[in-house]
Amino acid sequence: MSRRGEHDVIVVGAGPVGAALALALAADGFDVAVVEAQPPRPAAREAELDLRVVALAPDAIALLQDLGAWPLPFPERVGSYRRMEVWDATGPGRARFDAAERGEAALGRIVENRHLQHALWTALAGRARVLCPAEAADLDDGDATAALTLADGTRLRARVLVAAEGAESPLRARLGIGFAGRDYGQRAVVAHVATERPHEDTAWQRFLPGGPLAFLPLGDGRSSIVWSLPDAEAARVLALDDAAFCCALGAAFDFRLGPITAAGPRAAFPLRLRRADRYVAGRCVLVGDAAHVVHPLAGQGVNLGLRDVACLRRVLAEARARGSDIGAAHVLRRYERERRSENALAAWTFDAIERVFASTAMPLVLARGLGLEAAGRIGPLRRALAAAAAGHL
Ligand SMILES: Cc1cc2nc3c(=O)[nH]c(=O)nc-3n(C[C@H](O)[C@H](O)[C@H](O)COP(=O)(O)OP(=O)(O)OC[C@H]3O[C@@H](n4cnc5c(N)ncnc54)[C@H](O)[C@@H]3O)c2cc1C
């Protein structure tokens, strides 16, 4: 590792995407520095489940395995979904997808954000220079290297600088990269709830006119809900006492798993669609939520970010093997071309689904009902959708 503050790559932001990228590049022999503002929260077997969980697709898990960050600590806390069931609250449509259709054991796993980050940071220890807590204060994107000055005055240089600081990325703003999209006017209310009947290792999603309601199976038998609601409605639901919340949630879910028998703490997150105009500026490159923010209805945010990681890792390794400068414009643009189009397609698809299911216009209600029924009945279409559900979009 460099002593003079010169590295191959600096990754700013070590959430799940930045930490996975740093680990992947370090594993490939690059000299990596990581700058993270907040130390990760500790992981403990006895602790209450993290309110923030994510559904990881099989390709994301394969990457984590390759990086030595899977299995996560305390695997008994990891949920697994073999099936996915999607239905329309205002129309006739219903579709089911099964991992067996793809010859796989599961469509995905439900993991706690805290434990995912913990596993990545544990694997990272000793493999990269980690500066935490630390924040970037100034950036100078030069011809041969990018120079980063931290708030405490530390200066770092690298051939590639990666912004992985999430949706609010200050580096993206400093680079003058636009980040446009639309606000859904919705919040996702999240909580862990117990239901009268077991979750059947199934990820359930009911499309309501106000937004989708998902129940994701947790390892402890409860379900983690992601309930997308118009802003005012979300505020009302957050303020309900537990009994009233359980009643409202059970009704919104059509009591698919019987009454809700208990609910833990709740939180809400504003929902937005955002896409960066460019992923590359000089020697700087965006990954994860710094580059794209999608509606959580398909649970794909981290999964898309981990595909950014896999792509950038491959592009940089190939450039090095050819003897090219890893921060050269043509190298970073290759990453941008591949990932920007795939992420745009995913964002567009989730946005279209949200719009189609939010409509109460009768022709659209009937059309989406037919669409969902067809998706459930026509073998090849069902298999294609099961693949999409498993992250192979
Ligand atoms: C309700 C909800 C449910 C979701 N469910 C799913 C799901 O099921 N599956 C899925 O794949 N995705 C899901 N997502 C999306 C997922 O949470 C995000 O896509 C993911 O967290 C993005 O990871 P990231 O590492 O890019 O950014 P972040 O997780 O935002 O991490 C950014 C990191 O950068 C650090 N940082 C920020 N600024 C600075 C700075 N200036 N200097 C240094 N460090 C900095 C932060 O401390 C943080 O550690 C969901 C999102 C929501 C809102």
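# Briefing on a predicted protein model with a ligand

Leaving aside residues up to four places away in sequence, Arg-334 is in contact with Arg-314, Val-315, Glu-318 and Arg-322.

**Arg-334 and its surroundings**

- Arg-334 belongs to helix H8, which covers residues 329-358, and one of the residues that Arg-334 touches is Val-315.
- Between Arg-334 and Val-315 there are 19 residues of separation in sequence, while their C-alpha atoms are 7.2 Å apart in space.
- Arg-334 has a relative accessibility of 25%, and it therefore counts as partly exposed, a class that lies between buried, under 20%, and exposed, over 50%.

**The sheet with the order E3-E7-E4**

- Three strands form an open sheet in the order E3-E7-E4, and their pairing is antiparallel.
- Strand E3 (53-56) and strand E4 (79-81) stand at the edges with a single partner strand each, so one side of each has no neighbour in the sheet.
- On average, and with direction ignored, neighbouring strands of this sheet are turned by 25° against each other.
- Strand E7, made of residues 108-112, runs antiparallel to E3 and is joined to E3 by 4 bridges, and within this pairing Val-53 has Glu-112 in E7 as its bridge partner.
- Helix H3, residues 113-124, packs on the sheet and touches both E3 and E7, and the direction of helix H3 makes about 90° with the direction of E7.
- As background for reading any such sheet, side chains in a regular strand alternate between the two faces of the sheet.

**Strand E17 and its partners**

- Strand E12 (residues 179-195) pairs with strand E17 (residues 267-276) in the antiparallel sense, and this pairing extends over 9 bridges.
- Within E17, Arg-272 is the bridge partner of Asp-183.
- E17 is also joined to strand E20 (residues 292-293) by 2 bridges, and these two strands run antiparallel, with Arg-275 standing opposite His-292 in E20.

**The ligand and the residues around it**

- There are 29 residues around the ligand, and those that come nearest are Glu-36, Arg-52, Ala-55, Asp-289 and Val-302.
- For Glu-36, an N or O atom of the side chain lies 2.6 Å from an oxygen atom of the ligand.
- For Ala-55, a polar backbone atom is 2.8 Å from an oxygen atom of the ligand, and for Val-17 a polar backbone atom is 3.1 Å from an oxygen atom of the ligand.
- Taken alone, the ligand exposes 1000 Å², and the protein buries 84% of that area.
- Helix H1 (16-27), E3, E12 and helix H7 (301-322) are the elements that each give two or more residues to the shell around the ligand.
- Among the elements, H7 gives the most to this shell, with 3 residues.

**Ser-223, a buried residue**

- Ser-223 lies in strand E15, which covers residues 223-230.
- With a relative accessibility of 1%, Ser-223 counts as buried, because that class takes in values under 20%.
- When residues up to four places away in sequence are not counted, Ser-223 touches Ala-191, His-192, Val-193, His-199, Phe-215, Leu-216, Leu-218 and Leu-257.

Notes
Residues are numbered from 1 along each chain as its sequence is written. This is a predicted model: local features need pLDDT of at least 70, side-chain atom pairs count only at pLDDT 80 or more; totals for chains, interfaces and linings use all residues. Side-chain values use heavy atoms; hydrogens and water are left out. Buried means under 20% relative accessible area, exposed over 50%, partly exposed in between (1.4 Å probe, protein chains only). Contact means heavy atoms within 4.5 Å. Two strands pair if DSSP finds at least two bridges between them. Axes are lines fitted to C-alpha atoms, for helices over the stretch in contact, and angles run from 0 to 180 degrees between N-to-C directions. A residue is near a molecule or strand if one of its heavy atoms lies within 4 Å of it. A polar contact is a pair of N or O atoms within 3.5 Å; within protein, one must be able to donate a hydrogen and the other to accept it, and residues adjacent in sequence count only if both atoms are side-chain atoms. Accessible areas come from the Shrake-Rupley method with a 1.4 Å probe; for residues, only the protein chains shown count as cover.
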